[in-house]
Amino acid sequence: MGKNYSLPADHELFPEGASRCSLTKFSIWMGLVGAVALWGLYAAFRVLAEGLGVTGLDDYFGFGLWITFDLAVIALGAGAFFTGLLRYILNIDPLKNIINLTVIIGFICYSGAMLILVLDVGQPIRAWFGYWHANVHSMLTEVIFCITCYLIVLIIEYVPLVLEQKQLNKIPVLHHLAHNLHVWMPLFAGIGAFLSTFHQGSLGGMYGVLFGRPYVLRDGFFIWPWTFFLFVISAVASGPVFTVLIATLMEKATGKKLVSWEIKSLMGKIAGAMLLVYLVFKFADTYAWAVDVLPRSGLTFDQNFYQTIYGKWLLWSELFLCGIVPCVILLTPKLRNTPALFYSAALLDCAGITINRYVFTVQALAMPVMPFDSWEIYAPNWAEWGATALVVAYGAIILSLSYRYLPVFPQERALNATKSS
């Protein structure tokens, strides 16, 4: 049989039975994303070569766009550990059709977060100090170790998917290695859930113990401030729908059906249930903060907000527009099964978590805490935006290569056969 020249030049690398766009179209897409990555690499080079002085960060704003983005993607990447827990530990079998995508998204989010932290450390040659000279009194020490260990878990979970690539899977030793790793996957899912729960919580707990920052100061439950639990629950409330949004974007870009509506609806229902739990505790936390924590700190509710950039609209948007509204939609079957409402709720859910991370990271630092202080306005410059764009482009590259060459969606062929018939 002669060679079929109508097929892409790299079609032998595609997953079994899957079709892909031409190599030319794919190369153009990768070139566009690569151009953004090059801009980001230039920004990263400037930061590493000249220090944080080239950014908008200073002694007042040690945290800014990078940490806001870092915390947001870590929360949204929680779909990896939470979906893995539901699939492998609680044995919710339908999630097998989306678990590969959640692992890839989790890997991208956590490795991208580590890349941001390399830049934010300021002196990369001392980045290893956090491991070797750990500050045992800091919650960030636990965060460093948990994020690092969980990234290793995500790599282990990602490796079987790579080994199942059509050509690699023909090699007997790699085939058996992939199979054996799948057998052990419930163990890694459990370890990942444990590690991710604690580092998500410790990120929130870090803010809750800042006695000099009344905007984020919280009372505790035993040794943990309330923010420890709020960060964990908010992450699992947004991670599943973020995965669904990424899957839907991939469907729009490829013109193919990759995940059935039943799976999307199930992920939305799970996210809605967790969002309800989060909102119950979040409203209780906000009330206790306003009537107890603030008066003990000598502040009123209104003193925690300033103009538009740090206005009350952020709080009301997080609680109502990006909280109650998506929760009602995701938990009401008729509304949840209306695609336009479903995707709107998913976007609002993710936006609410991002707002939460922004106000904890930036607004808490902008608020004056001394009599001679005043409200400070933070504005990220090009270097911070460039480095952030680098992580986004990096994620797009990994996701694109994974979809093109790896069996990310094992049900893809059956779904599109049904669609075409």
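Trainee: Which helix is Glu 251 found in?
Mentor: Bear in mind that this is a predicted model, where local features need pLDDT of at least 70, side-chain atom pairs count only at pLDDT 80 or more, and totals for chains, interfaces and linings use all residues. Residues are numbered from 1 along each chain as its sequence is written, and side-chain values use heavy atoms, with hydrogens and water left out. Helices here are DSSP runs of H or I with at least four residues, strands are E runs of at least two, and both are numbered from the N terminus. The run covering residues 226-254 holds Glu 251, and that is helix α9.

Trainee: Is Glu 251 buried or exposed?
Mentor: Buried means under 20% relative accessible area, exposed means over 50%, and partly exposed is in between, using a 1.4 Å probe and protein chains only. Glu 251 has a relative accessible area of 11%, so it is buried.

Trainee: Which residues is Glu 251 in contact with, leaving aside its neighbours within four places in sequence?
Mentor: Contact means heavy atoms within 4.5 Å. On that basis, the partners of Glu 251 are Lys 256, Lys 257, Leu 258, Val 259 and Lys 264.

Trainee: How many disulfides does the structure hold?
Mentor: A disulfide is a pair of cysteine sulfur atoms within 2.5 Å. Take Cys 109: the closest cysteine sulfur to its own is in Cys 350, 10 Å away, so that's too far for a bond. For the structure, the disulfide count is 0.

Trainee: Is Cys 109 buried or exposed?
Mentor: Cys 21 makes a handy reference, being partly exposed with a relative accessible area of 35%. Cys 109 has 9% relative accessibility, so it counts as buried.

Trainee: Where does Pro 410 lie?
Mentor: Its relative accessible area is 57%, so Pro 410 is exposed. From Val 143, Pro 410 is 267 residues away in sequence and 34 Å away in space, C-alpha to C-alpha. As for its place in the fold, Pro 410 sits in the loop between α14 (382-405) and α15 (412-420).

Trainee: Zooming out, what is the radius of gyration of the protein?
Mentor: The protein has 15 helices and 2 strands. The globule rule, 2.2 Å times the number of residues to the power 0.38, goes with a radius of gyration taken over C-alpha atoms. For 421 residues that rule gives 22 Å, and the protein comes close to it, so it is as compact as a globular protein of that length, with a radius of gyration of 22 Å.
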